[in-house]
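Subject: Structure for you to look at

Hello,

Here is the structure you will be working with. Please open it beside this email, and read the notes below it as you go.

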Amino acid sequence: MKILVLYAHPVETSFNAALHRTIVERLTAAGHAVDDLDLYAEDFDPRLTRAERLAYHDPRGPYEAIDPYVRRLLAAEAIVLSFPVWNYGFPAILKGFFDRVFLPGVSFRMVDGKATPSLHNIRKVAAVTTYGGSWFRAVLMGNPPKKLIHRMLRLTVKPGAPVSYLAHYSMNLSTPQSREKFMAKVAAKMDSF
């Protein structure tokens, strides 16, 4: 499959960076064509501009700044997201990617005033993430990132596409053993992706 790896972490020495490397290495070794989209390395601008908002429902053209990202998303057959959870949400750069790239005519179409999901080229979704806090605290807050992946993204991609969510909770209390165990879980998931 052609897999878009959507990565959002600014520190190359972080555990998230190690997870990202493992994801890319294992998917590549399994024979997939990997499009590694590192939002920070590519200096993606997450801000939806005034002009973009005003033209939100207009047809898009290749002249727009986000067009290369739209093309990469539409060329993918699967998405693997790799990101930390900060303040019970996506990093701003990842949220901005959804705001600027998951547009009408891209991830959904307006039909009789209703949004109809249309990102049916995506047949599989996985998210790999870390939380500073515990699972209990994330659940207490409603665990917005997990809900967005399992609800919003699942409804946007091909109907019935499998969606998996791998999370390492309590990073603030993690140990080399807990990180190694999670890394092995991620590697195994990517090997069978």
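Phe102 is buried, with a relative accessible area of 7%; buried means under 20% relative accessible area, exposed means over 50%, and partly exposed lies in between, using a 1.4 Å probe and protein chains only. Before going further, note that this is a predicted model, in which local features need pLDDT of at least 70 and side-chain atom pairs count only at pLDDT 80 or more, while totals for chains, interfaces and linings use all residues. Residues are numbered from 1 along each chain as its sequence is written, and side-chain values use heavy atoms, with hydrogens and water left out.

Aromatic rings

Rings of Phe, Tyr and Trp (its six-membered ring) pair if their centres lie within 6.5 Å; planes under 30 degrees apart count as stacked, over 60 as edge-to-face and the rest as tilted. This rule gives eight aromatic pairs. In one of them, the ring centres of Phe97 and Phe102 are 6.4 Å apart and the planes stand at 65 degrees, so this pair is edge-to-face. Both Phe97 and Phe102 are buried. Phe98 and Phe102 also make an edge-to-face pair, because their planes are at 75 degrees, with the centres 4.9 Å apart. Phe98 is buried too, at 8% relative accessible area. Ring pairs join Phe97, Phe98 and Phe102 with Phe44, Tyr69, Phe83 and Phe90 into a cluster.

Helix H3

Helices (H or I, at least four residues) and strands (E, at least two) are DSSP runs, numbered from the N terminus. Tyr69 from the ring cluster is also one of the buried residues of H3, along with Asp67, Val70 and Leu73. These residues lie on the same side of H3, because they cover an arc of only 160 degrees around the axis (the arc is that of the directions from the helix axis to the C-beta atoms). An α-helix has 3.6 residues a turn, so residues three or four places apart point the same way. Which elements cover the buried residues of H3? They include strand S1 (2-7), S2, S3 and H4.

Salt bridges

A salt bridge is a side-chain nitrogen of Lys or Arg within 4 Å of a carboxyl oxygen of Asp or Glu. The whole structure holds eight salt bridges. One of them joins Asp35 to Arg72, with the closest N and O atoms 2.7 Å apart. Asp35 is in strand S2 (residues 33-38) and Arg72 in helix H3 (residues 67-75), so the pair links distant parts of the chain, 37 residues apart; Asp35 counts as buried, at 15% relative accessibility.

Glu52 forms another salt bridge, with Arg100, at 2.5 Å between the closest N and O atoms. Glu52 belongs to helix H2 (residues 50-54) and Arg100 to helix H4 (residues 92-101), so this pair ties together parts that are 48 residues apart in sequence. Glu52 and Arg100 are both buried.

The hairpin

Two strands pair if DSSP finds at least two bridges between them. Strand S4 (residues 108-111) and S5 run antiparallel and are joined by four bridges. Val111 has Lys114 in S5 as its bridge partner. The two strands form a hairpin with two residues between them, and Asp112 in the turn has a positive phi of about 55 degrees.

Charges over rings

A charge sits over a ring if NZ of Lys or CZ of Arg is within 6 Å of the ring centre and within 35 degrees of the ring normal. Arg53 lies over the face of Tyr56, 4.5 Å from the ring centre.

Regards

Conventions. Contact = heavy atoms within 4.5 Å.
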